[in-house]
Amino acid sequence: MTSTTSEAFRAADLGTLVVLAWSGEAPDGMDMPYLLAYSLGDAEGGPQATSAAVTQLLAMNGLSIGTVVDGATRPSLPVSLLVEAGQAVVRLPQLVAQATAPPEWLDAVARRGHAHLVFTTRPWPEGRPGVEVDPAALAAFAGADETLTAAVHLKLPARSLRA
């Protein structure tokens with residue numbers, strides 16, 4: 001029997017999946033709310049296996065590495081962003097990941113109504129949850145060509161539980 005991609009996918013193969021929220025000045029002079037999703041590369045098969053698992057997860061959701069997707073123009077996009085109680089929650093059918101959002105990120109997402117998610121297949125073992133991330137290290141990883149070209153870039157409308 002042949003298994004399909006979705007049958008073969010195991011969330012454990014992602015390793016520890018981390019989402020970081022930060023904001024930074026955009027070309028229009030206003031802060032842009034960014035989210036970075038990555039694995040630590042700590043699954044059983046190591047960094048290569050986690051990279052492959054993230055690639056598979058994205059492909060299962062109709063996303064290709066290197067693409068830019070505007071969620072406002074794709075209502076059927078299976079990736080969504082919920083902003084509630086100081087948290088940024090990224091949802092896919094196979095998983096839910098959340099990040100505590102700093103106040104400046106929450107302000108930026110409230111003004112813009114969306115956030116820019118960079119979901120990369122490049123592992124970052126130094127970006128451990130619960131450990132403060134040095135802004136220079138975050139900028140170096142998030143801005144590296146190796147990170148950006150190994151990612152899907154999504155403009156996600158911010159939703160909340162409030163009507």
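Are Trp-124 and Phe-141 buried or exposed? Both Trp-124 and Phe-141 are buried, where buried means under 20% relative accessible area and exposed over 50%, with partly exposed in between (1.4 Å probe, protein chains only).

Before going on, a word about the model: it is predicted, local features need pLDDT of at least 70, side-chain atom pairs count only at pLDDT 80 or more, and totals for chains, interfaces and linings use all residues. Residues are numbered from 1 along each chain as its sequence is written, and side-chain values use heavy atoms, leaving out hydrogens and water.

Now back to the rings. Rings of Phe, Tyr and Trp (its six-membered ring) pair if their centres lie within 6.5 Å; planes under 30 degrees apart count as stacked, over 60 as edge-to-face and the rest as tilted. Trp-124 and Phe-141 are a stacked pair, 4.5 Å centre to centre with 5 degrees between the planes. Ring pairs also bring Tyr-38 into a cluster with Trp-124 and Phe-141.

| Core | Residues in core | Members include |
|---|---|---|
| Largest | 31 residues | Leu-35, Val-79, Leu-81, Trp-105, Leu-117, Leu-154 |

Leu-81 is in contact (heavy atoms within 4.5 Å) with residues including Leu-35, Trp-105 and Leu-156, leaving aside its neighbours within four places in sequence.

Key. A nonpolar core is a set of buried Ala, Val, Leu, Ile, Met, Phe, Trp, Tyr and Cys residues joined through side-chain atoms within 4.5 Å.
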